[in-house]
Amino acid sequence: MIAWLTDPFAFEFMQRALMASLIVGVLCSVIGTFVVLRAMAFLGDALAHAILPGVAVAYLLGANLLLGALVAAVLVAVGIGLFSRRGGVKEDTAIGILFAAALALGVLLMSTVRSYATDLTHILFGNVLGVSAGDLWLTGVLAVIVLTVLILFFKEFQLASFDPVLAHMLGKRPETLRFAMLILLALTIVVGLQTVGVVLVAAMLVTPAATAYLLTRRLAAMMVVSAVIGAFSSVAGLYASYYLDVASGAAVVLIATAAFLLAYVFAPRRGLVARRALRRAV
Amino acid sequence: MSSLAPAAAHLSLENVTVGYDGRPALRDVTMSVPHGAQVAIVGPNGAGKSTLFKALVGLLPVRAGRVLLHGRPPGGQADPIAYVPQREEIDWGFPVTVHDVVMMGRYGRLGWFKRPGAADREVVARCLDELGIAELERRAIGELSGGQQQRVFLARALAQEPHVLLLDEPFTGVDVNAREALLTLLARLRDQGITILVSTHDMETAAERFELVALLNGRLIAYGPPPEVFTPEHLTEAFGGQALFVGGMVVIDQCCPGHVGDGEAHRHSHEPHGHDHAGPR
């Protein structure tokens with residue numbers, strides 16, 4: 001049994017994959033609590049796809065791909081804010097337009113570079129087994145930055161998410177905090193790009209946090225439970241990938257989804273069974 | 001509780017105009033609220049009751065005129081105006097406990113990195129006691145009854161140690177017991193000298209339980225003691241065809257306004273209407 005658990009990590013690339021998966025699993029799940037609570041799931045999805053043209057442009061210019069991804073994500077975040085401000089169009093409409101436009105632009109730019117096809121697959125679906133030592137460092141540093149900001153300003157983010165009106169009255173600048181949250185979200189997505197890819201990073205932002213939401217009654221607890229679920233899914237997904245020879249990113253997301261389904265049915269207070277029982281008791 | 005009592009506030013509005021894009025929702029309001037007074041703000045749907053509150057707390061810009069608190073413009077870090085929002089503006093599914101919510105009232109006095117200290121916890125404990133919800137401290141807000149939920153937000157407002165307290169439609173969506181409990185609390189707060197403004201659809205409560213009433217409809221129609229405000233002339237001016245005079249009685253049709261306003265008809269209710277919970281004491 002122990003050998004079964006340790007075997008995969010005899011290889012250095014698997015050790016790096018484990019580290020990267022854990023970091024991404026924890027980071028996405030923690031920031032995902034705000035994505036779920038502020039109903040920003042669609043926004044997370046849009047930002048993830050908005051990264052594509054940034055990566056393509058960076059590639060064409062020979063610049064750092066992660067930097068390109070980050071710039072694109074921030075630009076789209078600002079664009080959504082501009083289009084939806086003061087009742088121009090509704091926010092989800094603005095997100096939908098920019099999301100589709102960014103995706104199309106990304107595909108268009110990439111189609112001009114023939115040799116890019118394999119890299120495109122990696123960006124779409126991630127390639128956790130191909131994480132280099134340098135990538136791992138960058139991932140680790142970005143994760144530490146994001147988590148530190150979240151912990152330092154926990155009080156403010158909690159207040160601004162729960163009650164932006166009070167946050168405004170108390171001089172806590174909810175608009176600034178919202179923008180800061182978008183930047184943190186963009187950083188997280190860039191981090192997740194390498195391991196689970198554009199398509200699945202959005203799922204890692206939502207699924208573990210939604211599971212934790214069903215199981216907890218305080219924000220801090222929700223973050224911890226979400227992080228544990230994210231970490232577990234990431235590691236379990238990696239094992240599944242090794243032993244069953246399936247795509248790791250997809251395995252991670254499906255394991256997180258299984259955890260969500262379990263919680264949805266059996267969660268003590270918010271689960272299906274508990275709510276049924278309560279209704280019957282009433 | 002007396003140590004929580006701050007200086008009573010004199011609040012005055014001078015020719016205040018407030019509006020969302022373009023059209024003003026409230027025009028040229030001039031009124032002066034004496035120290036420690038309790039004022040009911042009444043008027044039809046869309047009259048500008050919520051707009052007035054939002055302007056007072058700085059959520060909407062005052063486009064003309066000025067608001068003065070203690071003779072100075074309000075604002076600043078420890079803002080002495082506390083606001084209890086309408087219940088549908090709150091996300092009752094958010095994972096926070098009663099204690100968490102009341103502690104948020106202290107955040108204005110805490111710096112960006114500071115964690116709440118012993119003094120803050122003491123104030124929170126006192127406010128929970130004042131509202132009789134100390135034993136609910138560890139519960140999630142979504143698990144409480146409507147009346148209990150309202151007390152949580154009142155406790156939070158008191159934890160801000162306000163000079164002025166604004167209550168937006170506090171009698172909407174709560175039962176008779178909760179309404180009476182709230183009125184009792186308001187009487188206690190009067191002794192502490194907190195100036196209170198309450199917006200409401202409940203004209204009867206406004207007329208019988210408040211010393212001052214402000215009648216709004218896009219502007220201030222009348223302001224003063226209830227008998228001076230609730231005259232047929234003023235009511236017709238505010239409510240138009242919705243006001244009906246039968247003998248010595250006034251009937252106001254506030255039901256079914258036909259548009260989505262701030263009426264009672266469209267309350268969200270994801271809260272469990274709990275009979276399984278302890279009622280107000």
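In strand S9 of chain B, Ala222(B) is the bridge partner of Leu215(B). This pair belongs to a predicted model, in which strand S8 (residues 212-216) of chain B and S9(B) pair in the antiparallel sense over 4 bridges. Both strands are part of an open sheet of 6 strands, ordered S5-S6-S7-S3-S8-S9 in chain B, and the pairing in this sheet is mixed. Strand S5 (81-84) and strand S9 (220-224) of chain B each have a single partner strand and stand at the edges, so one side of each is left without a neighbour in the sheet. From one strand to the next, the twist of this sheet averages 15 degrees.

Chain B also contains an open sheet of 3 strands in the order S2-S1-S4, with antiparallel pairing. Its edge strands are strand S2 (24-33) and strand S4 (62-69) of chain B, each of which pairs on one side only. Here the twist averages 10 degrees from one strand to the next. Strand S1 (residues 11-19) of chain B is joined to S2(B) by 6 bridges in the antiparallel sense, and Ser12(B) stands opposite Ser32(B) of S2(B). In general, strands of a sheet pair through backbone hydrogen bonds, either parallel or antiparallel.

For chain A, the mean pLDDT is 84, and 93% of the residues reach 70 or more. Among the elements of this chain, helix H12(A) has the highest mean pLDDT (93), whereas helix H6 (residues 117-125) of chain A has the lowest (66). Where pLDDT is low, the predicted coordinates should not be read in detail.

Two helix pairs of chain A were examined. Two packed helices are described by the angle between their axes and the distance between the axes. In one pair, the axes of helix H2 (residues 12-37) of chain A and helix H7 (residues 133-152) of chain A come within 10 Å and cross at roughly 25 degrees. This angle makes H2(A) roughly parallel to H7(A). The crossing of the two helices, H2(A) and H7(A), is left-handed. H2(A) contributes Arg16(A), Met19(A), Ala20(A), Ile23(A), Leu27(A), Val30(A) and Ile31(A) to the contact, and H7(A) contributes Ala133(A), Leu136(A), Thr139(A), Gly140(A), Ala143(A), Val146(A), Leu147(A) and Leu150(A). By class, the residues of the contact of H2(A) with H7(A) are 12 nonpolar, 2 polar and 1 charged.

In the other pair, helix H3 (residues 41-61) of chain A and helix H11 (residues 197-215) of chain A have axes that come within 9 Å and cross at roughly 155 degrees. H3(A) is therefore roughly antiparallel to H11(A). The crossing of H3(A) with H11(A) is right-handed. On the side of H3(A), the contact is made by Ala41(A), Gly44(A), Asp45(A), Ala48(A), His49(A), Ile51(A) and Leu52(A), and on the side of H11(A) by Val198(A), Val201(A), Ala202(A), Leu205(A) and Val206(A). The contact of H3(A) with H11(A) has 9 nonpolar, 2 polar and 1 charged residues.

Between the chains, the contact takes 22 residues from chain A and 20 residues from chain B. On the side of chain A that touches chain B, the elements giving two or more residues are helix H8 (154-162), helix H9 (164-169) and helix H12 (219-244) of chain A. This side of chain A comprises 12 nonpolar, 3 polar and 7 charged residues. H12(A), one of the helices giving two or more residues to this side, is also the element of chain A with the highest mean pLDDT.

Note on methods:
Residues numbered from 1 in each chain as written. Chains lettered and ligands numbered in written order. Predicted model: local features only at pLDDT ≥ 70, side-chain atom pairs only at ≥ 80, totals over all residues. Contact = placed C-beta atoms within 7 Å. Nonpolar A, V, L, I, M, F, W, Y, C, P; charged D, E, K, R; others polar. pLDDT = per-residue confidence, 0-100. Axes fitted to C-alpha atoms, helices over the stretch in contact; angles between N-to-C directions. Parallel < 35°, antiparallel > 145°, perpendicular 65-115°, else oblique. Left-handed = near helix turned anticlockwise from the far one by under 90°. Pairing = 2+ DSSP bridges.
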